[in-house]
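Here is a short briefing for a first look at this structure. Keep the sequence and the model side by side as you read.

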Amino acid sequence: MIGNDEPLLQGFSDEIEETVSNEELMSANGENGAPIWLSIKGRVYDVSSSPNFYGPGRPYSKLVAKDATRAFGLGCAAPHCLVSDIEGLSERQLKEIDRWIELYETHDKYKFIGTLESANVVDEILESDT
């Protein structure tokens with residue numbers, strides 16, 4: 001991953017894929033004993049095992065409970081970056097997003113939960129246009 005131009009993984013997790021609703025993701029914010037989930041490119045990961053990084057008030061807490069794909073590509077935690085939109089990102093920024101996905105896919109502490117419901121809707125629309 002680090003130092004490579006291309007992500008090492010060619011595919012994603014072999015686990016059975018669940019659909020995660022936006023409401024489920026938004027409630028997985030680590031507050032009041034809730035799990036801590038984040039989403040990149042519609043792929044939802046449980047990062048509850050690292051509350052010191054992702055828990056409420058912690059350094060990466062702004063990335064949880066939403067699809068913050070753009071933030072991962074830009075390295076930006078401003079509110080306008082905490083969205084799933086990747087329009088206008090450079091090839092380098094898109095590769096950075098893929099590197100983050102690779103990290104969450106291969107890290108022994110983090111677990112793939114499933115695909116965000118809204119990501120499935122976008123895929124269905126794109127497939128129907130072809």
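Aspartate 98 is partly exposed, with a relative accessible area of 25%. Its salt-bridge partner is lysine 41, and the closest N and O atoms are 2.8 Å apart. The model is a predicted one. The salt-bridge count in it comes to 3.

**Salt bridges**

- Side chains of opposite charge can pair when their charged atoms come close.
- Lysine 41 sits in the loop between β2 and β3, and aspartate 98 sits in helix α4, so their bridge ties together parts that are 57 residues apart in sequence.
- Lysine 41 is partly exposed, at a relative accessible area of 42%.
- Arginine 43 pairs with glutamate 105, with the closest N and O atoms 2.6 Å apart.
- This pair links distant parts of the chain: arginine 43 is in strand β3 and glutamate 105 is in helix α4, 62 residues apart.
- Arginine 43 and glutamate 105 are both buried.
- Aspartate 85 bridges to arginine 70, and here the closest N and O atoms are 4.0 Å apart.
- Aspartate 85 lies in the loop between α3 and α4, and arginine 70 lies in helix α3, so the pair ties together parts that are 15 residues apart in sequence.
- Aspartate 85 counts as partly exposed, at 39% relative accessibility, whereas arginine 70 is buried, with a relative accessible area of 17%.

**Nonpolar cores**

- The largest nonpolar core holds 20 residues.
- Leu38, Ile40, Val47, Tyr54, Phe72 and Tyr104 touch the most other members of this core.
- β2 (37-40), α3 (69-74) and α4 (91-106) each supply at least two residues of the core.
- The largest share, 3 residues, comes from α4.
- Leaving aside neighbours within four places in sequence, leucine 38 is in contact with residues including Val47, Tyr54, Phe72 and Tyr104.
- Arg43 is also among the contacts of leucine 38.
- Another core lies apart from the largest one; it has 7 residues, among them Val20, Leu25, Trp37 and Leu116.

**Positive phi angles**

- Asparagine 32 has a phi near 55°, a positive value in a residue other than glycine.
- Asparagine 32 is placed in the loop between α1 (22-27) and β2.
- Asparagine 32 is exposed, with a relative accessible area of 82%.
- Lysine 41 has a phi near 50°, again a positive value in a residue other than glycine.
- The place of lysine 41 is in the loop between β2 and β3 (43-46).

Definitions and conventions: Residues are numbered from 1 along each chain as its sequence is written. This is a predicted model: local features need pLDDT of at least 70, side-chain atom pairs count only at pLDDT 80 or more; totals for chains, interfaces and linings use all residues. Side-chain values use heavy atoms; hydrogens and water are left out. A nonpolar core is a set of buried Ala, Val, Leu, Ile, Met, Phe, Trp, Tyr and Cys residues joined through side-chain atoms within 4.5 Å. Buried means under 20% relative accessible area, exposed over 50%, partly exposed in between (1.4 Å probe, protein chains only). Helices (H or I, at least four residues) and strands (E, at least two) are DSSP runs, numbered from the N terminus. Contact means heavy atoms within 4.5 Å. A salt bridge is a side-chain nitrogen of Lys or Arg within 4 Å of a carboxyl oxygen of Asp or Glu.
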